[in-house]
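Please read this briefing beside the sequence and the coordinates.

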Amino acid sequence: MNNYLNNTLTNLHLQDFLKEKGLDVSHMRYISDRQLAVDNLHMVPNMKDYLKSGYFILDGLAKAILSSKETAEIISKLHTDGQLSRLSCSLLNQYINVFGADYPDAESFAENLVNYEDVLHSVLEKERPGTAAAYDLKFYTFLKEGKHERLIHLFYELSFSDRNDFLIQLFMKENWQEELIKFYLIEDLPEEFSFRSSVFILRNSVPESYFRLAKVLTYPGTLDIYKMAGDCVNKVYLHEKGYAKQAEDIAAILSKFKGLFDSEEFEEDIKQDFFRRLYDIDYQEKTLSEYKRYIMKHLDKDAVKNSLWGINSFLSACTGNKYEKLMKEIDSGSYSHIEAFARKCLINNKTACLRLMQDNLKEFAKLPINSILFSNEFWQLCNMNTLTIKDLQKLQKYDEDKEKYLYTTNNIDLSLFYNHTYTFPEFLSISLKNRKLIEIYNSLDPSMRVDEKLRRIRQLFHESIRMDNFPEDLISAVAKTLSKEPLSDYINRHSYLKETASISDFLYLESIESYNPGLKEVINEITGRIDILAVVNNYNNPKLKELGLKDFKNAYVSLDEDSAWLKEELPIPEEHQKSFLEFCLQGNASVTKSYYDDQYEKGQKNVLLLAKAAVYGKLDEVKYENFNAEIGFTLTGDQKEVWKENSKKQQYGLKATENTDFESCMKIGAVPTWTCMNYKSGQYNECLLSVFDANKKVLYVDKGSKCVARAIMRLTKMSDTAVNKTLSFRDVAEDAAMESGSDEKLVIFLERMYFSHLTNAEIIQVRKLLYDLAEAKATALGAKILVAQDYEDIAEEKLLKKTSTNVYISKSKNGDQYLDSLGGDCEKGGYYVKGNFYAPYEQ
């Protein structure tokens, strides 16, 4: 009981003491050592006016007062010296919040805090000190403790925000104190040095530039160069890469100029001009040596001064005036975008390129300003001395269709080229190709001759190979196998597959064999197209190697999740099991499942019915049922047969085909580009299955084996006078008049085209090809033809006119259908819609 009373009295006494010192009773929770807290409170003055910053309580400082003797000593010292203020307490609070109550020495810290407050008083008065000020104070006190007054002067002449950006990066480093030690070399620079004036800092991004400078100064000879610059020290710029590592050699050459520039005969501005020119030439050792030879021949002040007047005159002096005429011609003509390139050639001693420029300056002038030739990155990739007139002319290539130059930094990603020096023909051959092709080329065996590497990679340029869809995990395998043998050799060794495999298939099989050598035996089992699909689509499935191709195919329906699901939904009789397997191996089970998951009950039921019809080989039978009822027009037997036949047409290196199979119809929203009819997630994909209606065909256009365009072709009827009627009792007297006066005509309607990776010229070619196919179909049917307004760009050549008429929207077995070129919405059909189209003049 006595202990309880004693503790209660002690706590009450402590609460009173806290209030007396301006602390809140709630701060008692910070006390872990009661005696230490009492002793600290005795040291500090009443803190009531100091523990608030605006509406905020300085809890960090309050906690430290009660638990840290050093904090109490700092406040006592500040109070004794009359330096205690709300600002100093706010700074101390932020410091404690970030770094804790950790001070090297309480007395010196208090002194440094006062000095820091004096240095930054105007900045700190504007805003409440935050984390930034804590970092800044820590930095300041650390430098003060080490007596680094020069660094304090250099850093604290910077703006608060610039310095803070640097400090954030500094204190993020675990070994920040060791990192800061590197900066001590900066104190050895001439007294004229300033961060705010140094071209090194100005040319690099802040705050990284401060770290780069500290690193550069560690190279032997670099500090000597800065010291030799003297009051021109801010003109010195040495990179951390390249020639900075030859700093000793550069310093040795510069030392030979020292006596010359220190002599009374030469004015101070000559020395400044000299270091400006060194900055211009990136301290290139060879160019500097050449200038030294010039100086030894021309020791008079005027000659030296004239040679340093500008970069062109300096370079002329370094090259014995060999290219003075060229530089004057560039300067006097409209060749400003070439001047920097010519200078770089002079600096880097690219004499062969300079001679080419002398003889063909107008050819260089034809290059656009953003030509890769003028890019700094490109200099690291090709030797400019190997440039020929033929290369130069190829660099001028302009694409009329795309209305742009091809070999520009806007069109070529130079970051894809690395760790390699290319010849110009080599670079120009691959630089416009797909990223994956470039990666494959870069990974080919470097010991191969360039001409052989190009011969092998060009076999992959075939239009049938769609590298944009090629799996990322096979890219390195392609490079590995091409390094061993050309693709053509692999094809010849597997010539028995030429009838069923495309060049793209062979590339897949070769790279899969390299990627997983264990599948070589599986690949040797391939006898047909289905086998190829099984391997290409499942090369990462361990069961393929484990079971072998034949057993894998037999087990595939159970192994593949989507196929197993479809088998549950569609019990397949024995006689259709083979067809079902082929359906699944072609990826159709996956397509069916994706569409099913995105639909409500009606769409789910319909897609399963169509999948079953495809497996049973009766998809066309289901498609062409109720043909006349769909379009409200009676077709003859011959007309039906003409329509059912899937025709094709080839021209311009393109092939257009009519398609009604399951995969072609389901993927109209995915191939060649994503649309709102996409089977996975298209906005209007509830209308997708209407493409299986009797009166619709999917037209695909292929360039090689790559699909580049598609459109829908409808067979329907048109009328200039038709009116959609509501249900009513008829007038029998009007029947004959109506029958004799009907102007309904059978018509093929070609809807808008979707495309991908086509130039403007190719787009027009594809539209003409689609129109020709549709027109041929219409002629065979004895039907008219209408095309969507998108075909305006071929109207003149195909003698088409604008027309307005009524087109019948046929009824759909799916219920809903998408009217792409007639309003872009889902409709039920069974009525006319008026629209604007293009049609032949004679129609």
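**Briefing on the model**

Helix α8 is followed by K147, whose phi is positive, near 60 degrees; helices are DSSP runs of H or I of at least four residues, strands are runs of E of at least two, and both are numbered from the N terminus. This is a predicted model, in which local features need pLDDT of at least 70 and side-chain atom pairs count only at pLDDT 80 or more, while totals for chains, interfaces and linings use all residues. Residues are numbered from 1 along each chain as its sequence is written, and side-chain values use heavy atoms, with hydrogens and water left out.

**Helix α8**
- The 15 residues of α8 (residues 131-145) should span 21 Å at 1.5 Å a residue, and the end C-alpha atoms are 21 Å apart, which agrees; the expected span is 1.5 Å times one less than the number of residues.
- Among the buried residues of α8 are D136, L137, K138, F139 and Y140, where buried means under 20% relative accessible area, exposed over 50% and partly exposed in between, with a 1.4 Å probe and protein chains only.

**Nonpolar cores**
- In the largest nonpolar core, which has 227 residues, M47, Y291, L373 and F427 touch the most other members; such a core is a set of buried Ala, Val, Leu, Ile, Met, Phe, Trp, Tyr and Cys residues joined through side-chain atoms within 4.5 Å.
- Apart from that core lies another, of 38 residues, including A694, V708, L758 and A778.
- Leaving aside neighbours within four places in sequence, F427 is in contact (heavy atoms within 4.5 Å) with residues including I372, F378, L381 and Y422.

**Residue D280**
- D280 has its place in helix α16 (residues 268-280) and is partly exposed, with a relative accessible area of 28%.
- Not counting residues up to four places away in sequence, D280 touches I311 and I347.

**Cavity**
- The structure holds one cavity of 30 Å³ or more; on a 1 Å grid over the protein atoms alone, a cavity is a set of points where a 1.4 Å probe fits but cannot get out, and lining residues have an atom within 4 Å of a point.
- Of the 17 residues that line the largest cavity, I668, M677, I712, Y818 and D820 are the closest to its centre.
- β8 gives the most to the lining of the largest cavity, with three residues.

Terms used: On a 1 Å grid over the protein atoms alone, a cavity is a set of points where a 1.4 Å probe fits but cannot get out, and a pocket is an open set with protein on both sides within 12 Å along at least five of seven lines; lining residues have an atom within 4 Å of a point. Grid points are joined across faces, edges and corners, and a volume is the space filled by probe spheres set on the points.
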